[in-house]
Amino acid sequence: MNFLALFSSMAAGKDETSASAGEVETVKAEAGAVKTVDANGTGETVKTEVVEVAEANGTGTAESSPVIEPLLTSFKEESNFVSDLKESERKALQELKCRIEEAIMKNEFSEHENEKSDGKDGEAKETEAEKPAGEKEAEKEELKVVETVTETDVKVGDVEVKNEETEVIVTEELSDKKAAEEQGPKVEETVTVTSETLEVSASGAENASEAKAVESGAVTGEEETVEVTVETFEAETEKFKAPDVYLWGVPLLHTKGDERTDVILLKFLRARDFKVQEAFEMLKNTVLWRKSFKTDSILEEDFGNDLDGVAYMNGYDKEGHPVCYNVYGVFQDKELYQKTFGTEEKRQRFLRWRVQLLEKGIQQLSFSPGGVNSMVQITDLKNSPGPGKKELRQATKQALDLLQDNYPEFVARKIFINVPWWYFALSTMISPFITQRTKSKFVITRASRVTETLFKYISPEYVPVQYGGLNRENDQEFSGADGGVTELIIKAGTKQIINIPAAEVGTSLVWDLTVVGWEVSYKEEFIPSAEGCYTVIIQKEKKMAAQEEAVRNSFKIGEAGKVVLTIDNLSSRKKKLIYRSKVKRHQ
C-alpha cells in the first residue's frame with residue numbers, strides 16, 4: 001500500500017481505503033443560465049442586466065457537443081431512519097444494541113477489564129495445558145451453589161439497610177463412575193447464616209471436616225454493629241454502577257433514548273456488512289483505542305501551523321457535507337518533508353495532527369437520522385511525492401491501520417484532482433480488490449477538468465480560488481450571508497456583457513468573476529448615466545489564460561452610472577461564467 005491510500009482513506013472505513021479503476025470524471029456543460037442572485041451589504045438585491053452579443057468575428061465556427069465519458073454509479077448515502085432499514089438490518093441493529101448493553105454491564109469497554117480478561121484467558125489456557133490427565137479427570141466433579149436470600153428491613157440512622165438471611169445449599173455431584181465405586185449417595189448440605197447465629201445442618205454427611213470447613217469462614221455467633229452513612233452507602237453503590245460509554249459525544253447505550261445512537265451503530269454495522277459480532281468488536285476496539293490514544297482531548301493539543309497548508313476544512317458541498325482538502329504537493333519542500341516524516345516521533349506527531357483535523361471535521365456532523373453524518377474528502381495530487389518515499393510509506397501504513405479501523409463510514413465522496421499518470425496505473429492494479437460500493441464514492445479527474453468537476457458537487461462560492469472558485473481565505477468582502485452566485489453560459493464566438501447598476505454615490509461596488517477554463521478576453525468599464533460624461537476604464541481588455549484565478553475588483557461610485565463587464569468568447573466551445581457583486585457602504 002502506498003501513500004495515496006492514506007489520503008484516500010482519511011476518515012474512511014475499512015472497505016474505503018483504495019482507489020478506483022481510473023475513470024476520469026467529466027461534467028456535462030449546462031445549456032443556459034442557472035440563476036441570478038446578487039446581494040449588497042445590507043441585504044438589498046442588486047439588479048444586474050445581462051446582454052448576449054452575437055458573434056462579430058466572422059468565424060462562424062460551430063460549437064461541438066461535449067463528450068460525456070462513462071461514469072461509475074454515483075454513491076448514494078443510505079438512510080439512517082430505522083423505519084427505512086431492511087428487516088435483516090433492523091434485526092442486526094437490535095442485536096448490536098443488546099450486545100453493547102451486556103458489554104457495558106460487564107464493564108467490557110474498560111481498558112483495565114479488557115487487559116484483565118485477556119490475562120485470565122491466557123493464564124487459563126496455560127494452566128489447562130500444564131495439568132496432568134489425572135487432575136483433569138478429578139475436576140469432573142461439579143460444585144453447585146444456590147443462594148436463597150430473605151430480607152428484613154433494619155433502619156440505621158437515616159439509611160434503610162436490608163439485613164440478609166442467606167440460605168446456602170451446597171450440592172456436590174460426583175461422576176457416575178465414581179459414585180458407583182464409592183457407593184456414596186448425593187450429599188446435600190444446608191447452611192443457614194444470619195448476623196446472630198450460624199446453623200449448619202448436614203444430612204448424610206460422612207466427613208465431619210467438610211462441615212468444619214464451612215463453619216471456619218462463618219460468623220462466630222457474636223453480634224457485630226456496622227455503622228452506615230449516606231456517603232458510605234452511595235460510595236458502595238457506585239462501585240456496582242456501569243459507566244456510561246460515549247463515541248463523539250453520543251451515548252452507546254440505547255436506553256438513554258438518544259436518536260443519534262442508531263446513527264453511530266449503523267456506521268459500524270455497514271462497515272462490517274451488518275455482521276453483528278464483527279461490528280461489535282470494531283466498536284469496542286475503537287472505544288479502547290480512543291482511550292489509549294487520548295483522542296477525546298486531542299483537540300486541545302497545539303501542533304503549530306507548519307501543516308496548515310497540507311490539509312484543511314473549507315466550506316460545504318451542495319448537500320451540506322463539510323469538505324476537507326488534502327494538498328500533499330507541499331511535501332516537495334525537502335525541509336518540510338524531513339520535519340514531518342524524518343523520525344518515528346515526527347511521524348507520530350503527524351498522525352496525531354491528522355486525527356485532530358479529522359475530529360474537528362466530525363464536530364460539524366449532526367449524527368441525527370436525517371442530518372449530515374459524513375464528509376467530502378478532496379485530495380490534490382499535483383506535485384505530490386511519488387510512492388518511493390520510505391518515510392511516507394511508514395506514515396501511510398500507521399495512519400491507514402488507524403483510520404480504517406476507527407472511523408467507519410465517515411466519507412460520503414472522495415474527489416481526486418490533478419491526478420498524475422502513475423495513479424491511473426496503480427488504481428488499475430488494485431481495482432479488482434475494491435467493492436463496487438467503495439468505487440462509487442470515488443471521483444477522479446485530471447488537471448484540465450478540476451474546476452468543472454468540483455463545481456458539480458460544490459457551489460463556486462465554496463470552491464477555493466486556486467481551484468477556479470470564488471472562495472478566498474479570510475475573505476473580508478464576501479461571506480455566505482451575501483447570497484449565492486450567478487452562473488451563465490457563454491456560447492462559442494459570442495460576447496457576454498454584464499451591467500451592474502451603480503446608483504448610490506459614495507458607496508463602492510465589489511465583484512468577483514471567473515470563467516471555467518477562461519481563454520477569453522475580459523475588460524471592465526464604468527459608464528456614467530449623465531450624457532456627455534466620459535467612460536472610465538477600470539480594467540483594460542486582456543486575454544485570460546486557462547488557469548487564471550477569479551477576478552476580484554471594486555469601484556468607488558462618484559456619480560450615478562453602471563459598471564460594465566465584457567467577456568468575449570473567441571473559442572469554439574461554450575464557457576461557463578460565474579460572478580457575484582455587492583454594494584459596500586463606507587462607515
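The conversation below takes a few elements in turn.

Mentor: This is a predicted model, in which local features need pLDDT of at least 70 and side-chain atom pairs count only at pLDDT 80 or more, while totals for chains, interfaces and linings use all residues. Residues are numbered from 1 along each chain as its sequence is written, and side-chain values use heavy atoms, with hydrogens and water left out.

Trainee: Why are helix 10 and helix 11 called roughly perpendicular to each other?

Mentor: Helix 10 (residues 334-341) and helix 11 (residues 344-362) pack at an angle of about 90°, and angles of 65 to 115 degrees count as roughly perpendicular, so the two helices are described that way.

Trainee: What makes residues of helix 10 and helix 11 meet, in the sense used here?

Mentor: Contact means heavy atoms within 4.5 Å, and on that basis Gln338, Lys339, Thr340 and Phe341 in helix 10 meet Lys346, Arg347 and Phe350 in helix 11.

Trainee: What makes strand 9 mostly covered?

Mentor: Buried means under 20% relative accessible area (1.4 Å probe, protein chains only), and six of the six residues of strand 9 (residues 322-327) are buried. On one side these are Pro322, Cys324 and Asn326, and on the other Val323, Tyr325 and Val327.

Key:
Axes are lines fitted to C-alpha atoms, for helices over the stretch in contact, and angles run from 0 to 180 degrees between N-to-C directions. Helices (H or I, at least four residues) and strands (E, at least two) are DSSP runs, numbered from the N terminus. Angles under 35 degrees count as roughly parallel, over 145 as roughly antiparallel, 65 to 115 as roughly perpendicular and the rest as oblique. Buried means under 20% relative accessible area, exposed over 50%, partly exposed in between (1.4 Å probe, protein chains only).
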